[in-house]
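Look over the structure first, then read on.

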Amino acid sequence: MNWDFMLFGTLPYVFITIAIVGTIYRYMVNRFSWSSLSSQFLENKVLFFGSFPWHFGIILVLLGHIIAILIPGTFLAWNAVPVRLYLLELSGLILGLLALIGLLMFIYRRLTDSRVRAVTSSWDVLILIILAIQVLTGLGNALLYRWGSNWYASSAVPWIWSVITLNPQVEYIASLPLLAKIHIFNALIFILLIPFSRLVHFLAFIGPLKYLTRSYQLVRWYTRAPRTEAIRQYK
Amino acid sequence: MDIRIQLSMCFHLDKCIGCHTCSVSCKNVWTTRQGAEYMWWNNVETKPGAGYPLTWEDQQRYMGGWEVTATGALRLKLLKGPGKLRTLANIFFQPNLPTIDDYYEPFTFDYDNLFNAPLGDDQPVARPKSLITGEFMDKVALGPNWDDDFGGSPLYAANDPNLKGLSESQKQMLTHFHRLFYFYFPRICNHCLNPACVASCPSGAIYKRGEDGIVLIDQDTCRAWRFCVSACPYKKPYYNWNTGKSEKCIFCYPRLEVGEVNACAHACTGRIRFVGVLFYDADKIEDVAKQPDDRVVEAMREIVLDPEDPKVVEAATKSGVEENWIWAAQNSPAYKLFKKWRIALPHHPEFRTVPMNFYLPPLSPILHQAKGDEGGTYDPESMEFFNDVELMRIPVKYLANLLSAGNEELVMESLKKQMAVRMYIRQLRVGDVGDAKVKSALDEVGLTAEDAWEIYKLVSIATFTERFVIPKTHREIKTTIDPRTMYEKRGSVGFGRKRKELVAREW
């Protein structure tokens, strides 16, 4: 049995389909549950050292991954000059370490603070485990197999495109080390978990982005159209 | 001119006895759910006092409300610096968010132990138990009325930001037995015209209802970014730590829509509350919010329109205001108290949210310091009952900090009017004040005898239907009920579905 094809050629479709359908279903049927479930209100001292490094680290690292997916050619060209490569790798590593620090604080906080423990669900524990695996394998890849940004853009990205274009080519990543494969498969599990957990909150980033341009005041009408309008256009 | 309607509540502080019946009836109706135990959409504070959450009026700490920038634009204090971009930067962690420790950790007592304790030498006790963790608490460290009636005033009330600008001898009202003075201050959401919570919500979940001005949080759109809690200078949106949604006073809209009175106002034993309709000009909200501190209350009075004015009535009709709402506006106690007689004042107008609840400053105690006290003028032997309001025990400066952005004349105007009405009625009933004295008192504040009688009637002996002039909403065309979900939401008071309690709370 071809495990590579099973894990990276078939399951991605199953996971992604469940994630998309599940997310839409949850949005349509139980929108009330769509929340970041912030626990800052219960504990805000350790959270400061967890939430800031985690979110800024992971968001920028994720953006790096996405940019490489979108423009792998430019990405590789950038890396062609050693200084730029070192710069990219180093900043990636630092951001990854930031995310790791944040994540460790999250785990410490969930374990030690009784109030936060009271609002911790099994899903939260599972997410923390998945995220820990993801960050640790990511850092391992960056440290052990140089240069991660190069082989990511030249082998993993083509595989991602092959999956997106419904023509999965697992050969692209077949020769990657085990650590990299764990990283990739764990990412798929992460996607799978989105609709079932608080992870949905990062899909709500559109609201805050819209906030930057909308007017301050919102009014909703029952009798006028449009139903939502701004009192005054001051921003 | 863009005429809109605002539901407004007025509070006669002289009559508030601090019984907290309003808070309890609100709690029983709306916030007995898990995650909402610590919320008091309606709470009553002792003033001077630290309030709930502790020192909420201190905007250096909480950064609530608005400020006018150097360029003359209106900006949320919370977003100082790079403006709205700060929302994105602080979305993961908010430096100004109060935590549960600023309110209090909700608790119950281990009553079971009183009945089931094994036989022993000691009386069994009911130890406090946290409603969040379910664990025993060493002690109850804070509560919603922790400094009620000046409990621990040197520790709590001394931090009241409204004491700013008072002389040391005036501050003795906190600590010196003969000079003690405090009054009660009931608070609900102000349903502001320029709400900071709406303006700060990154999800756009909070909105003002166009038809009646009630500010609500859309529970399905709220994503727990928590900016409303930080941005509201009155700290009236609350974060539900269980559902991960913010909640706030809903002005009992399901009751008001059918003509019922708010739970808090209905239960008020002192009959201190008035609910009515105001017409205002929505085009001017921004201008009013930008007025300097000494002008802001006047500007708020100007934005409220005279419902008897035929032009206003015509414009209101044209913008779709129904007849019963116009009638309600014309008989509105809020309009009379705030604008017509100018005796009610907004709470902290300097926060620039243009709050829409109004308070009659307390006149009591009429008796000021006894002559024996330093600076006192009251002679216990004298038969004179009414004295100068300037010499009252409660510093006018304090009331001005609380109710008129530091503008003492506005508070004096209201106090003198209330005093003149009292003298007028005393003369009518007892006749020992003297017509000339009553006339000069009324003339000084520009009231006629008819006005005085009207004021007396409304604030002292008004009937239920005079205190609460609430028009029914035309539910045939405007409804908040979604027939698809009305049954499943029943029993959850609209804040999410009923769901299984988390495992930690099994008792």
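How many residues does the contact take from chain A and from chain B? It takes 41 residues from chain A and 46 from chain B; two residues are in contact if their C-beta atoms, placed from the backbone, lie within 7 Å. This is a predicted model, in which local features need pLDDT of at least 70, side-chain atom pairs count only at pLDDT 80 or more, and totals for chains, interfaces and linings use all residues. Residues are numbered from 1 along each chain as its sequence is written, while chains are lettered from A and ligands numbered from 1 in the order in which they are written.

**Where the chains meet**

- On the side of chain A that touches chain B, the elements giving two or more residues are α2 (45–70), α5 (114–118), α10 (206–213) and β1 (219–220) of chain A. Helices (H or I, at least four residues) and strands (E, at least two) are DSSP runs, numbered from the N terminus.
- That side of chain A divides into 21 nonpolar, 13 polar and 7 charged residues. Ala, Val, Leu, Ile, Met, Phe, Trp, Tyr, Cys and Pro count as nonpolar, Asp, Glu, Lys and Arg as charged, and the others, Gly among them, as polar.
- β1(A) pairs with strand β8 (residues 206–209) of chain B in the parallel sense, over 2 bridges. Two strands pair if DSSP finds at least two bridges between them.
- In that pairing, R220(A) stands opposite R209(B).

**A helix pair in chain A**

- The axes of helix α3 (residues 72–79) and helix α7 (residues 148–164) of chain A come within 9 Å and cross at roughly 155 degrees. Axes are lines fitted to C-alpha atoms, for helices over the stretch in contact, and angles run from 0 to 180 degrees between N-to-C directions.
- The angle therefore makes α3(A) roughly antiparallel to α7(A). Angles under 35 degrees count as roughly parallel, over 145 as roughly antiparallel, 65 to 115 as roughly perpendicular and the rest as oblique.
- P72(A), F75(A), L76(A) and N79(A) of α3(A) make the contact with S149(A), N150(A), A153(A), S154(A) and V157(A) of α7(A).
- This contact of α3(A) with α7(A) has 5 nonpolar, 4 polar and no charged residues.

**Chain B overall**

- Chain B has 21 helices and 15 strands.
- Of its 507 residues, 49% count as buried. A residue is buried if 20 or more other C-beta atoms lie within 10 Å of its own, exposed if 12 or fewer, and partly exposed in between; C-beta atoms are placed from the backbone.

**Strands of chain B**

- An open sheet of 5 strands in chain B has the order β13-β12-β1-β15-β14, with mixed pairing.
- Its edge strands are β13 (304–305) and β14 (345–346) of chain B, and each pairs on one side only.
- Within this sheet, β1 (residues 3–12) and β12 (residues 273–281) of chain B run antiparallel, joined by 9 bridges. R4(B) has Y280(B) as its bridge partner in β12(B).
- Strand β2 (residues 43–47) of chain B is mostly covered, with 5 of its 5 residues buried.
- N43(B), E45(B) and K47(B) point one way from β2(B), and V44(B) and T46(B) the other way.
- β2(B) pairs with strand β7 (residues 183–187) of chain B in the antiparallel sense, over 5 bridges. E45(B) stands opposite F185(B) there.

**A helix pair in chain B**

- Helix α17 (residues 408–429) and helix α19 (residues 449–460) of chain B pack at about 95 degrees, with their axes 9 Å apart. That makes α17(B) roughly perpendicular to α19(B).
- A420(B), V421(B), Y424(B) and I425(B) in α17(B) meet A449(B), A452(B), I455(B) and Y456(B) in α19(B).
- By class, this contact has 8 nonpolar, no polar and no charged residues.
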